[in-house]
Amino acid sequence: MKTVKIKNRDKEIAVGKMICVGRNYAEHAKELGNEVPDKPVVFIKPSSAIIYSGEKIIHPRFSNNLHHEVELVLLIGKTIKDADAKSSEEAITGYGLGLDMTLRDLQNEAKSKGDPWTVAKCFDTSAVLSDFILKENYSLTLNEEILLEVNNKIRQKEKLNMMLFKPVQIVEYISSLMTIEEGDLIFSGTPAGVGKVVPGDKLHASLESIAELNCEVI
Ligand code: ZN
């Protein structure tokens, strides 16, 4: 079973499912030629895809276009269904940073055929997680900046308040579709600047001083 590690605490929380939001920053939707959605685009990643900062992203042989997507990740602390905004806010227990690694060639092929994104999003090592910080130790203002560098060059850099759907809205919406359980993670979408990585590339991501991760593609 995969877990998330809580920063500065001798505590790990078992991960349930990972629910991801797509096209949550207008500039990113545009760079991939998508319309800005009127409700969040939702898909799932399996917990078997999880690796942690310091581990290696294994480039699948069945793709030629592996992309990075850096994202704020919400840790859910209680089980909710059809939650209102207040219960949705209360259900978020912590924050971390994640990479939603994506096989863009296979995703584009799936999109053009109307197929699900599973093959592009669920491969082993496609979810890289930082340590998480509990909300009781840090309250997010959304003025924080999320950053991703590849080989020390900035690729993605954006304020969290540029999200089209904010964390509480995302949780509220997803809870109208399915039960969200304690230990579930929600990837909140990536800002513009996604791009290709190849074996040997070193990725560094940060959410100011709140969360950080490093990994290498092999
Ligand atoms: Zn994503």
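Trainee: Is His 204 buried or exposed, and why?

Mentor: Burial is read from relative accessibility, and the cut-off for buried is under 20%. In this predicted model, His 204 counts as buried because its relative accessibility is 18%.

Trainee: Where does His 204 sit in the fold, and which residues does His 204 touch?

Mentor: Start with the secondary structure element, then list the contacts that are not local in sequence. His 204 belongs to strand E17. Once residues up to four places away in sequence are set aside, His 204 touches Leu 147, Leu 148 and Glu 149, and also Glu 212, Leu 213 and Asn 214.

Trainee: Which side chain joins that of His 204 in a polar contact?

Mentor: The partner is Asn 214, with 2.8 Å for the contact between the two side chains. Asn 214 is also one of the residues in the contact list of His 204.

Trainee: Next, the charged residue Asp 201. Where does Asp 201 lie?

Mentor: Asp 201 is in the loop that runs between strand E16 (195-197) and strand E17 (202-207).

Trainee: What polar contact does the side chain of Asp 201 make, and which residues surround Asp 201?

Mentor: The side chain of Asp 201 makes a polar contact of 2.9 Å with the side chain of Asn 151. With neighbours within four places in sequence left out, Asp 201 is in contact with Val 150, Asn 151, Lys 196, Cys 215, Glu 216 and Val 217.

Trainee: How many cavities of 30 Å³ or more are there, and what is the volume of the largest?

Mentor: Count first, then take the volume and the lining. The structure holds one cavity of 30 Å³ or more, and the largest cavity has a volume of about 100 Å³. Its lining comprises 18 residues, with Gly 22, Arg 23, His 28, Glu 69 and Gln 107 nearest the centre.

Trainee: Which elements supply the lining of the largest cavity?

Mentor: Strand E3 (18-22), helix H1 (26-31) and helix H3 (104-113) each give at least two residues. H3 has the largest share, three residues.

Trainee: Finally, where is Tyr 173, and what does Tyr 173 contact?

Mentor: Tyr 173 is in helix H5 (residues 167-177). Beyond its neighbours within four places in sequence, Tyr 173 is in contact with Lys 39, Pro 40 and Val 42.

Notes: Residues are numbered from 1 along each chain as its sequence is written. This is a predicted model: local features need pLDDT of at least 70, side-chain atom pairs count only at pLDDT 80 or more; totals for chains, interfaces and linings use all residues. Side-chain values use heavy atoms; hydrogens and water are left out. Helices (H or I, at least four residues) and strands (E, at least two) are DSSP runs, numbered from the N terminus. A polar contact is a pair of N or O atoms within 3.5 Å; within protein, one must be able to donate a hydrogen and the other to accept it, and residues adjacent in sequence count only if both atoms are side-chain atoms. Contact means heavy atoms within 4.5 Å. Buried means under 20% relative accessible area, exposed over 50%, partly exposed in between (1.4 Å probe, protein chains only). On a 1 Å grid over the protein atoms alone, a cavity is a set of points where a 1.4 Å probe fits but cannot get out, and a pocket is an open set with protein on both sides within 12 Å along at least five of seven lines; lining residues have an atom within 4 Å of a point. Grid points are joined across faces, edges and corners, and a volume is the space filled by probe spheres set on the points.
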